[in-house]
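These are my notebook entries on one structure.

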Amino acid sequence: MFFLILLVAHFQAAIIPILLGIKSIKKFNHIRKKEFIPFGFIFLGLASISEMIDHTQTAWIYVDHSSLFNWLFYSFLSLGLTCLSISVIENKFVQKINFCICLCSIISYFLFDKTIALLFQVIISILLIINWQRFFKDWLFILYPIFGIFFTTFFGTKLSVSGDQFWHVLIGPSGTISVLTFYLVLKRSEKKFA
């Protein structure tokens, strides 16, 4: 029964962002770089798929390790967050800086280790928060750092320290709430910019 719950928690974390990405195609015309939005959501879904594949190598038990699919998880996560961030940036130089930080995150995983890649992801998340809040000015966006950063980090830390797989079940849904927050902020902005 627990395995089924764990599978559903991961599956929804993969399918919901991909569906939102498909739903975002040719939408949000009020955003100058709207073509990045579907890619952002789809990359987040691909991150979850990569994590699921990685879990098949560990019998679905969370193991803090480095592997090809773990690298793909972090890479797609970086790409997804960067695409969402870039979608609201008009300055090409700032767009390039965001993209370079994303590449640093992807490359540093193998050149150094996962810890360095995570540091770059923190920068990516900070830039995303700054760019989206500056553009949308929507109080609802506070849910992203709460669920997408604080709770996922809290649950992940509890999982790593305790080894209790219960915490593993909570990470995917927490991430999904942050993904839904992105979409809701985008939908609410249509009325604001109309």
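**Entry 1. The second largest pocket**

I looked up which helices line the second largest pocket, and found that α4 (92-111) and α5 each supply at least two residues of its lining. Helices here are DSSP runs of H or I with at least four residues, strands are runs of E with at least two, and both are numbered from the N terminus. The model is a predicted one, in which local features need pLDDT of at least 70 and side-chain atom pairs count only at pLDDT 80 or more, while totals for chains, interfaces and linings use all residues. Residues are numbered from 1 along each chain as its sequence is written, and side-chain values use heavy atoms, with hydrogens and water left out.

I noted that α5 gives the most to this lining, with 5 residues. The lining consists of V88, I89, E90, N91, V94, I97, N98, L127, I130, N131, R134 and F135. I sorted these residues into 7 nonpolar, 3 polar and 2 charged. For this sorting, Ala, Val, Leu, Ile, Met, Phe, Trp, Tyr, Cys and Pro count as nonpolar, Asp, Glu, Lys and Arg as charged, and the others, Gly among them, as polar.

I recorded a volume of about 200 Å³ for the second largest pocket. The search uses a 1 Å grid over the protein atoms alone; a pocket is an open set of points with protein on both sides within 12 Å along at least five of seven lines, whereas a cavity is a set where a 1.4 Å probe fits but cannot get out, and lining residues have an atom within 4 Å of a point. Points are joined across faces, edges and corners, and the volume is the space filled by probe spheres set on them.

**Entry 2. The largest pocket**

I then turned to the largest pocket, with a volume of about 1100 Å³. It is lined by 41 residues, of which F73, Y74, L77, T152 and I171 are the closest to its centre. I found that α1 (2-24), α2, α3, α5 (114-136), α6 (143-162) and α7 (166-193) each supply at least two residues of this lining. Which helix gives the most to the lining of the largest pocket? It is α6, with 9 residues. The lining residues divide into 19 nonpolar, 18 polar and 4 charged.

**Entry 3. Helix α3**

I checked the length of α3: its 19 residues reach 26 Å from the first C-alpha to the last, close to the 27 Å expected at 1.5 Å a residue. The expected span is 1.5 Å times one less than the number of residues. I also noted that 14 of the 19 residues of α3 are buried, so the helix is mostly covered, where buried means under 20% relative accessible area, exposed over 50%, and partly exposed in between (1.4 Å probe, protein chains only).

**Entry 4. Aromatic rings**

I found 24 aromatic pairs in the structure. One of them, F43 with F76, is stacked, at 5.9 Å centre to centre and 20 degrees between the planes. This pair links distant parts of the chain, with F43 in α2 (residues 36-56) and F76 in α3 (residues 68-86), 33 residues apart. Both F43 and F76 are buried. Rings of Phe, Tyr and Trp (its six-membered ring) pair if their centres lie within 6.5 Å; planes under 30 degrees apart count as stacked, over 60 as edge-to-face and the rest as tilted. I also listed one aromatic cluster, formed by W132, F135, F136, F141, Y144, F182 and F193.

**Entry 5. Cysteines**

I looked for disulfides, which are pairs of cysteine sulfur atoms within 2.5 Å, and the structure holds 0. C83 is in none, and the nearest cysteine sulfur, that of C102, is 7.4 Å away. C83 is buried, with a relative accessible area of 10%, and C102 is buried at 0%.

**Entry 6. Two residues with positive phi**

I noted that most residues other than glycine have a negative phi. K26 has a positive phi of about 60 degrees although it is not a glycine, and F28 also has a positive phi of about 60 degrees. K26 is found in the loop between α1 and α2, and F28 is found in that loop too. Is each buried or exposed? K26 is exposed, with a relative accessible area of 75%, whereas F28 is buried, at 2%.
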